[in-house]
Amino acid sequence: MLGRWVGKGRSGVWWTAAAIVIAGGCGDDSVGTDSATEGGSGSTTMTTTTTSTTSTSTTGEDTTTTTTGADTLMMTDPGTGVTVTGTTTSGETDPTTTGPAPDPYCGDGNVDRDEECDEGQANDNQGTCTAACLLPACGDGYVQAGEECDDGNDDNTDTCVDGCLAASCGDGYVGPGEACDDPDDPLCTPNCALASCGDGLVQPGEACDDGNMSDNDACLSTCVDASCGDGQVYEGVEVCDDGNADESDACTTLCEAPACDDKIKSGSESDVDCGGSCMPCKVGLACEVGLDCESSVCDAGVCVLGQSCLKIIQSTPQAKSGLYTVDVDADGPEAPLQVYCEMKTDGGGWTLVQRTVWEPAKTVALFTGHSAWVGATVGTPTPGEGYRLAGKLWPLLNVDKKHLLTHALRKSGDGTSCAPLSYIGTNGTYAVDANTVTLNGLAATVNMINNTTLSTTNSGPSQVCVNTHNGAPWFYSSCCSTCPTFQGGYWTEPHPMMNYYNTPDAFGKVSVDVCSSDPILISNGYGGVNSMDYYLR
């Protein structure tokens, strides 16, 4: 049977040739046969006949007959004169069909069964209809309009994810090169890396994150804010940082070197900003040694006023000669006062109790009666000035029962002073009351005193020495070897004088040794003294 698809698209018909009849001229009409002739000779004549097929179905006694009509197509080819007879299954006739129609296929331009589309030769895997006659779809393996990628799988850990989108940080899938991908996870960074110190992003648990590993800026490599005490030096802000709370070392908790104005006890200080290498501490502040204190006396870790120069030298062996404040009676009624301490001779610790000088005007105030001598301090202990500490305090200073007289001899030429000669006496003990002052048991190589009883303007065994010769109150008899002041047959004005200038002193020296061979001023065997200082210890 010959067949051919007749027509275009879905409007064609399929027909079959039932018989081929060769006739010359015009064909005869037959009963029951439709004929159509065009042209005349050489024209094609198409005759259609209807045939029927009868089928009989017997079920039991019943007989059913079904007749199906079919059209017979007869067509004459004008070129050959051949008549072709065929049948159509649709009742339609295609005069151009000469054989069987091909099976439907993808690409024929018709959307057939199981096809979603068919654009014929325009089918394109990247177009609107694929080569498989399927509509474009994400997951078909082809990148089509609106798609960034299409790898044909449902793996969202590769470079193409759901929706045919190129994998990217923030798409919710952990793709290549990503450690995480969850915008709602604070431990997943915007660049899809697991949160870590040094990534430049501040995450939970981090105080800062500057993205570098430097420990010398505002944010440490541990993502903690730089702070004094972290053991890292914040450049431009901290001078040092030793990471400890020890204020006594080279770096304080202020991350600075110890200073005397940092308001903390630092470095070698014994108290806040005092002691050690700083200024001495005031009374009542902490100390370790006497040098830590203004008073030069440290007692049980506290700066206190010494009761004497002896206490000072015991607390501070390095103490220099000079003025110091002492509290002679400690907790007694006497107010603290300034004294002069001699810290060189015989181990130091000598407290000045009286000084007379060459200039009469500076010593005239010392000419007093007994009560004033006992109760009043006169003048100032400053070197070169006349001075006497109230006599009632002398026994308190005579702890070691030692006495020191120093004489700065006066040169005869220019009246300047020689280095002092120093004489020491021992075992002398003072007794002071409202009527009498005595010094008993004194032993010395020179006549430091000529009498054991003090003479003043109104008391004592030798008032004549005081009142007639303007002698400052002292232990006179009818004469004196040591005269704090004296005039009469010696000087026209009262001056200090002594007659043992050629007797070796505590250092074995005499006048020529201390005066550089310059002659001293002498009157009637007494050498003039520019300053006569008397100390107790």
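This short talk walks through the fold, core, strand pairing, aromatic pairs and salt bridges of the chain shown above.

Please keep in mind that this is a predicted model, in which local features need pLDDT of at least 70, side-chain atom pairs count only at pLDDT 80 or more, and totals for chains, interfaces and linings use all residues. Residues are numbered from 1 along each chain as its sequence is written, and side-chain values use heavy atoms, with hydrogens and water left out.

Let me start with the whole chain. It has 5 helices and 24 strands, where helices (H or I, at least four residues) and strands (E, at least two) are DSSP runs numbered from the N terminus. Of its 537 residues, 39% count as buried; here buried means under 20% relative accessible area, exposed means over 50%, and partly exposed is in between, with a 1.4 Å probe and protein chains only. If we take contacts (heavy atoms within 4.5 Å) between residues at least 6 apart in sequence, 40% of them join residues at least 24 apart.

Now to the interior. In soluble globular proteins, nonpolar side chains tend to be buried together. A nonpolar core, as the term is used here, is a set of buried Ala, Val, Leu, Ile, Met, Phe, Trp, Tyr and Cys residues joined through side-chain atoms within 4.5 Å. The largest one has 60 residues, and Leu-409 and Tyr-534 have the most contacts inside it. Strand E24, residues 526-536, gives the most to this core, with 6 residues. A second, separate core of 6 residues includes Cys-274, Cys-281, Cys-287 and Cys-293. Returning to Leu-409, and leaving aside its neighbours within four places in sequence, its contacts include Leu-421, Met-498, Tyr-501, Ile-520 and Val-529.

Which residues cover the two faces of strand E22? In this strand, residues 495-498, His-495 and Met-497 on one side and Pro-496 and Met-498 on the other are all buried. For pairing, the rule is that DSSP finds at least two bridges between two strands. Strand E21, residues 482-486, runs antiparallel to E22 and is joined to it by 3 bridges, with Met-497 as the bridge partner of Cys-483. E22 also pairs with E24 in the antiparallel sense, over 2 bridges, and there Met-497 stands opposite Gly-528.

Let me turn to the aromatic rings. Rings of Phe, Tyr and Trp (its six-membered ring) pair if their centres lie within 6.5 Å, and planes under 30 degrees apart count as stacked, over 60 as edge-to-face and the rest as tilted. By this rule the count comes to 11 aromatic pairs. One of them is the edge-to-face pair of Trp-394 and Tyr-534, at 5.8 Å centre to centre and 70° between the planes; Trp-394 is in helix H3 and Tyr-534 in strand E24, 140 residues apart. Trp-394 is buried at 0% relative accessibility, and Tyr-534 is buried at 4%. The rings of Tyr-423 and Tyr-500 have centres 5.1 Å apart and planes at 85°, so this pair is edge-to-face, and both residues are buried. Trp-394 and Tyr-534 also belong to one aromatic cluster with Trp-373, Tyr-430, Trp-474 and Phe-475.

Finally, the charged side chains. A salt bridge here is a side-chain nitrogen of Lys or Arg within 4 Å of a carboxyl oxygen of Asp or Glu, and the count comes to 8 salt bridges. Asp-346 forms one with Arg-537, the closest N and O atoms being 3.0 Å apart, and this pair links distant parts of the chain, 191 residues apart, with Asp-346 in the loop between strands E12 and E13 and Arg-537 in the segment after E24. Arg-537 counts as buried at 7% relative accessibility, whereas Asp-346 counts as partly exposed at 36%. Arg-537 also meets Asp-400 in a salt bridge (3.6 Å, N to O), across 137 residues, and Asp-400 counts as partly exposed at 39% relative accessibility. Asp-346, Asp-400, Lys-402 and Arg-537 are linked in a network of salt bridges.
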